[in-house]
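The exercises below are to be worked with the sequence and the coordinates at hand. Each task is followed by a solution in steps.

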Amino acid sequence: DEQVFPIFVKDRHFVPDTGGAGRYRGGGGMQVEFGPDGCDLEVGYVSDGTLYPARGARGGGRGGRAVQYIRHANGETETLEPCAQVPVRAGETIVSLSCGGGGFGSPLERPLAEVASDVREKWISGEAAAAVYGVVLGANGEADIAASEKQRRELASGAN
């Protein structure tokens, strides 16, 4: 689109902790920020997953909710509707976060090494690794097996 329309993409990245937790983690949501390149534009869009994010299956968690907003030239933001046609002025950008996919199976069944890898690759945060997946990471970024087994027992019993 950048070759046909006068727009620029300011940022594009996956957002940690937006894929539903599970034995099989749901795909993460992506954030994109774009705007007009020195002119005014009207942007039309439809956003799925804003009202109803993807549900997990067989104990998996929900995916992250979609959201979209406009960032005005002064830095203030304004949340936008799930479906709209919006004027975007020079100096403004649209920020869109797509919904994440739902997880499958209990996050407490995800192998420790896969959770540690997810943290290194920034699919999930270290906080989610411990609080949701029950995986305690050591200083080297690898799963601490004994501490993780204890954490998972506590999460499974509801003690945490």
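**Exercise 1: An aromatic pair**

At 39% relative accessibility, phenylalanine 104 counts as partly exposed. The model is a predicted one.

Task: Determine how many aromatic pairs a search of the whole structure finds, and classify the pair formed by tyrosine 24 and phenylalanine 104.

Solution. 
1. For tyrosine 24 and phenylalanine 104, the ring centres are 6.2 Å apart and the planes make an angle of 45°. Planes under 30 degrees apart would count as stacked and those over 60 as edge-to-face, so this pair is tilted.
2. Tyrosine 24 belongs to the loop between β1 (7-14) and β2 (30-36), and phenylalanine 104 to the loop between β7 (93-97) and α1 (112-120); the pair therefore ties together parts 80 residues apart in sequence.
3. Tyrosine 24, with 48% relative accessibility, is partly exposed.
4. The ring of tyrosine 24 also has the charged end of arginine 23 over it, 4.7 Å from the ring centre.

**Exercise 2: Glycine 20**

Task: State where glycine 20 is found, and decide whether this residue is buried or exposed.

Solution. 
1. Glycine 20 is located in the loop between β1 and β2.
2. Its relative accessibility is 0%, so glycine 20 counts as buried.
3. Leaving aside residues up to four places away in sequence, glycine 20 touches several residues, among them Arg25, Gly61, Arg62, Gly102 and Tyr133.

**Exercise 3: Cysteines**

Task: Count the disulfides and examine cysteine 83.

Solution. 
1. A disulfide requires two cysteine sulfur atoms within 2.5 Å; by this rule the count is 0.
2. Cysteine 83 is in no disulfide, and the nearest cysteine sulfur, that of cysteine 99, lies 15 Å away.
3. With a relative accessible area of 52%, cysteine 83 is exposed, whereas cysteine 39, at 23%, is partly exposed.

**Exercise 4: The faces of α3**

Solution. 
1. The residues Ser148, Gln151 and Arg152 of α3 are buried.
2. The face of α3 turned away from the buried side carries the exposed residues Ala146, Arg153 and Ser157.

Technical notes
Residues numbered from 1 in each chain as written. Predicted model: local features only at pLDDT ≥ 70, side-chain atom pairs only at ≥ 80, totals over all residues. Heavy atoms only, no water. Phe/Tyr/Trp six-rings, centres within 6.5 Å; stacked < 30°, edge-to-face > 60°. Helix = DSSP H or I, 4+ residues; strand = E, 2+ residues; numbered from the N terminus. Buried < 20%, exposed > 50% of the residue type's maximum accessible area, 1.4 Å probe, protein only. Lys NZ or Arg CZ within 6 Å of the ring centre and 35° of its normal. Contact = heavy atoms within 4.5 Å.
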